Amino acid sequence: MIYWKKYCQLDLSTLLPWPALTGNRGAAALLLIFQLLMHLPGTAQDHHIEVIHQPPSKSLRGISVVSAKVLWASGTEGQAGRSLDGGKTWEWSQVGDCKNCDWRSLYAFSSEEAIVINAGSPAYVYRTVNGGKEWKKVYEDTSAAIFFDGLQFLDANKGIAIGDPIENKFSVITTQNKGVTWSKVKSTELPVAANGEAIFAASGTSLVVLPGRQPAFVTGGTVARFWKKEDNWKAYTLPVIQGQNTTGAFSVAFRTAGRGIVVGGDYQQPMQQQGNCFLTYDGGKSWQQPVTSPGGYRSCVAFITDSLVIATGTTGTDISEDGGKNWKRIGEGFNAVAADPTGKAVYLIGTKIARLTQSTY
């Protein structure tokens, strides 16, 4: 719980003339007064998860929150939807002719414009400019090995999507015109993967854009690394549990250019807490373990405010009130979570759509 103390306003100058509150006795008495004030009843807020919608898709993994009221979601059965009233009601549509596509990554610019990309082969990128009423295919890759994991935009026009390695190099496509057209990055400019290294598409948040419009992504498998685009792509080793194709980093989030957090684990051992969360304060160069970790494998993490962080996965959802140093479980698990830019609204998606609520007492 988060506590806000409501202290009484006290003019201490009125106490100083009292004979009993001068010298050492006065200092002791004032200290006692402060201690008593610190234990006055305060206002406490407890976080809860409230399910607000049952989508037509069996599983949602793509989410983009434009504002407290406008959000988009996407998932299996080729489905994508938007809500204009904070998730109370939804408009769902099938994206293009791809009834079997799993739209795991989604980016929304507004209530009218959004882009989705699927996981698997063939790979498609679709775009809408009229709130999902119509979707236009703007990119296609029929390579048997193609598998995209994340989609982000660096600014209003420049975007990037990244996928698993093909011939030991991660797949990267970019756009310069708000997703109207896309092109492959040259092979000589692609990040080189280690043998058995891959990206997880569990929540579409393995790829992130740091403050300063700098793309970064996390990996797992035989090794777990944090990749950041500097002059070239540079990788930093993550201490997250790794070594198997089910282990590694699944999601990354940054509050500032230096301060970030990564979550993951082993999705085949979802209750295991060891090595599932780490913090950085130097832009990903080094990582520290929290005091207490989330309650198991977590597929998504997001900052709500500077101090409030949320993480979710198949076995539960956790809240940290101190920037990720300590965690506590608050409810059932989901695939992904996202907050609106102001931190006033937080939404979770999976087999259901939910929102984070607070009770005050």
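So, the largest pocket: its volume is about 930 Å³. What do I mean by a pocket? On a 1 Å grid over the protein atoms alone, it is an open set of points where a 1.4 Å probe fits, with protein on both sides within 12 Å along at least five of seven lines. A cavity, by contrast, is a set of points where the probe fits but cannot get out. Grid points are joined across faces, edges and corners, and the volume is the space filled by probe spheres set on those points. Rolling a probe the size of a water molecule over the atoms shows where empty space is left.

Before I go on, please keep in mind that this is a predicted model, where local features need pLDDT of at least 70 and side-chain atom pairs count only at pLDDT 80 or more, while totals for chains, interfaces and linings use all residues. Residues are numbered from 1 along each chain as its sequence is written, and side-chain values use heavy atoms, with hydrogens and water left out.

Which residues are closest to the centre of the largest pocket? Out of 35 lining residues, they are Q152, V208, V209, A338 and A339. A lining residue, by the way, has an atom within 4 Å of a point. Seven elements come up when you ask who gives two or more residues to this lining: β3 (60-65), β7 (105-108), β11 (148-153), β16 (207-210), β21 (247-254), β24 (300-303) and β28 (336-339). β3 gives the most, with five residues. These names come from DSSP runs, numbered from the N terminus: strands are E runs of at least two residues, and helices are H or I runs of at least four.

By class, the lining of the largest pocket has 24 nonpolar, seven polar and four charged residues. Here Ala, Val, Leu, Ile, Met, Phe, Trp, Tyr, Cys and Pro count as nonpolar, Asp, Glu, Lys and Arg as charged, and the others, Gly among them, as polar.

Now the second largest pocket, with about 290 Å³ of space. It is lined by 17 residues, and I160, T174, V185, K229 and W233 lie nearest its centre. Two or more lining residues come from each of β12 (159-166) and β13 (169-175), and β13 gives the most, with three. This lining divides into eight nonpolar, six polar and three charged residues.

Next, sheets. Strands of a sheet pair through backbone hydrogen bonds, either parallel or antiparallel. The rule here is that two strands pair if DSSP finds at least two bridges between them.

Four bridges join β16 to β17 (residues 214-218), and V208 has A216 in β17 as its bridge partner.

R213 sits in the loop between β16 and β17. Its phi is near 60 degrees, a positive value in a residue other than glycine. Is R213 buried or exposed? R213 is exposed, at 54% relative accessible area. The cut-offs are under 20% for buried, over 50% for exposed, and partly exposed in between, with a 1.4 Å probe and protein chains only.

E167 is another residue with a positive phi, near 55 degrees. You'll find E167 in the loop between β12 and β13, and it counts as exposed at 75% relative accessibility.

There's a second open sheet to look at, with four strands in the order β24-β25-β26-β27 and antiparallel pairing. Three bridges join β26 (residues 316-320) to β27, where T317 has G331 as its bridge partner.

Last, some cysteines and a proline. A disulfide, meaning a pair of cysteine sulfur atoms within 2.5 Å, turns up once by this rule. C98 is joined to C101, with S to S at 1.4 Å, and both C98 and C101 are buried. The torsion about their S-S bond is about 70 degrees, so the disulfide is right-handed. And a cis peptide bond joins S121 and P122, with omega about -5 degrees; P122 is in the loop between β8 (114-117) and β9 (123-128).
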